[in-house]
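Please look through the sequence and the 3D structure below. The report that follows takes the chain part by part.

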Amino acid sequence: MKFLILVLCLAQLWGCQAALTGIALAYRELNCDDPETEQAAVVAVDYINTHSSRGYKHTLNQIDKVRVWPRRPMGEVFEIEIDTLETTCHVLDPTPVANCSVRQLTEHAVEGDCDFRVLKQDGQFSVLSAKCDSSPDSAEDVRKVCPDCPLLAPLNDTRVVRAVEAALTTFNAGNNGPYFQLVEVTRAQLVPLPPSTYVEFAVAATDCVAKEVTDPAKCNLLAEKQYGFCKATFNEKAVGDAAKVACTVFQTQPVLPQPQPDTNTPTPGVASAVPPPPPANLPAAAMVAGPLVVAAPPPAAPVNRAHYDLRHTFGVASVESASGEAFQVGKAHTAVQPGVAAATGPLVRPCPGRIRHFKI
């Protein structure tokens, strides 16, 4: 009899332990348009824009999926999938992304697809991991909207290279201030009528005077970085000035103090919560994505490309589990006691959420 009672007690204890373990691994699902979900998504998009050194800023378009996991010893982790759209603001442009125009379908829009893990602790959100890629709309879809609109061209196309060289020369020739070097070519389109090449590119001021430069290779970037962004149209058959260029020069960026090395070395195998942002004082050669810069190392991104893919900045995610323990991506998690989560509030609307701009 005593043995039977002992067995029953052990069974109950095992059941309680299993239930506690299951509850600890349970997640809750939020509405993709819930204010809390949107707040996490906004933090994710801001992370993209502040940790990119090339290409254009992105803005939130749609929240595809969200799960909220408890995290030991405290806080919650939002596992969120979002779609973004490229804006017309370069990442070096200080304009807030809320004030940037979204690249329209007729301009050959670019969409981003991102997976984020965002920690919420003490009411504050911070990014634990990010993994993104981006791609232009298909040529077929662009043609459906605008049959005559030009498509994105490879940035290493010889016509693009000539257009950027001519535009930069024209800009410096009319500039009474410092000589500007090319940072990167960000966009190009071959316009059929009239036959011309449209380009967009980023530039940076040097310690040389534009009117006095004889050897641009001897010019160095200023200690306090000053960047600009140019749009130009180049027509080789035009009479007179073949390049029509307009550049916006941004305010000087102050020199930021460099962080001191941390003596506390992180434990191997455990990713840091927030990756450090790219250095604010990268030399121009280190930021080049297009041609025209002599002695620059090969770009990390493929040369024959028409846009800067977010994959090259956010291609590999650092991962921390919702419980604070490392785990493998793709490992199955079981939602324990879904009725309990559902009973805490009204029925959750299925994701994805609303489209803020347009769908590609």
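## Buried or exposed

A residue is called buried when its relative accessible area is under 20%, exposed when it is over 50%, and partly exposed in between. Cysteine 149 has a relative accessible area of 11%, so it is buried. Keep in mind that the model is a predicted one.

Cysteine 149 sits in the loop between helix 3 (139-145) and helix 4 (158-173). Setting aside neighbours within four places in sequence, cysteine 149 is in contact with Thr106, Val142 and Arg143. Leucine 193 is 44 residues away from cysteine 149 along the chain. The C-alpha atoms of the two are separated by 9.9 Å.

## The chain as a whole

The protein chain has 360 residues, and 39% of them count as buried. Its secondary structure comes to seven helices and eight strands. The chain exposes about 19,700 Å². Carbon and sulfur atoms supply 59% of that area.

How far apart in sequence are the residues that meet? Take the contacts between residues at least 6 apart in sequence. Of these, 72% join residues at least 24 apart.

## Two nonpolar cores

The largest nonpolar core has 24 residues. Which of them touch the most other members? They are Phe78, Ile80, Ile82, Phe116 and Val118. Five elements each supply at least two residues of this core: helix 2 (35-50), strand 1 (56-70), strand 2 (76-90), strand 3 (110-121) and strand 4 (124-136). Helix 2 gives the most, with six residues.

Isoleucine 80 shows how the chain comes together here. Leaving out neighbours within four places in sequence, isoleucine 80 is in contact with Thr37, Ala41, Ile63, Lys65, Val66, Cys114, Asp115, Phe116 and Val118. A second core is separate and has 21 residues. Among them are Leu168, Phe171, Phe180 and Val203.

## Loops around the strands

Glycine 75 is in the loop between strand 1 and strand 2. Its relative accessible area is 26%, so it counts as partly exposed. Apart from neighbours within four places in sequence, glycine 75 is in contact with Trp69, Pro70, Lys120 and Gln121. Leucine 119 is 44 residues from glycine 75 in sequence. In space the two are 7.0 Å apart, C-alpha to C-alpha.

Histidine 108 lies in the loop between strand 2 and strand 3. Aspartate 122 lies in the loop between strand 3 and strand 4. Is each one buried or exposed? Histidine 108 has a relative accessible area of 6%, so it is buried. Aspartate 122 has a relative accessible area of 69%, so it is exposed.

## Cis peptide bonds

The peptide bond from leucine 193 to proline 194 is cis, with omega near -15°. Proline 194 belongs to the loop between strand 5 (178-191) and strand 6 (196-209).

The peptide bond from cysteine 351 to proline 352 is also cis. Here omega is near 5°. Proline 352 is found in the segment after helix 7 (338-343).

## Arginine 354 and its contacts

Arginine 354 also lies in the segment after helix 7. What does arginine 354 touch, not counting residues up to four places away in sequence? The list is Asp33, Glu38, Asn61 and Gln62. Along the chain, arginine 354 and glutamine 62 are 292 residues apart. Their C-alpha atoms are separated by 6.0 Å. Arginine 354 is partly exposed, because its relative accessible area is 43%.

## Empty space inside

Rolling a probe the size of a water molecule over the atoms shows where empty space is left. A search of the whole structure finds two cavities of 30 Å³ or more.

Which residues line the second largest cavity? They are Arg54, Gly55, Tyr56, His58, Glu86, Tyr308 and Leu310. By class, this lining has three nonpolar, two polar and two charged residues.

Terms used
Residues numbered from 1 in each chain as written. Predicted model: local features only at pLDDT ≥ 70, side-chain atom pairs only at ≥ 80, totals over all residues. Heavy atoms only, no water. Core = buried A, V, L, I, M, F, W, Y, C linked by side-chain atoms within 4.5 Å. Buried < 20%, exposed > 50% of the residue type's maximum accessible area, 1.4 Å probe, protein only. Helix = DSSP H or I, 4+ residues; strand = E, 2+ residues; numbered from the N terminus. Contact = heavy atoms within 4.5 Å. Areas by Shrake-Rupley, 256 points an atom, 1.4 Å probe, with all protein chains shown as cover. 1 Å grid on protein atoms, 1.4 Å probe; cavity = no way out; pocket = protein on both sides within 12 Å on 5 of 7 lines; lining within 4 Å. Points joined across faces, edges and corners; volume = space filled by probe spheres on them. Nonpolar A, V, L, I, M, F, W, Y, C, P; charged D, E, K, R; others polar.
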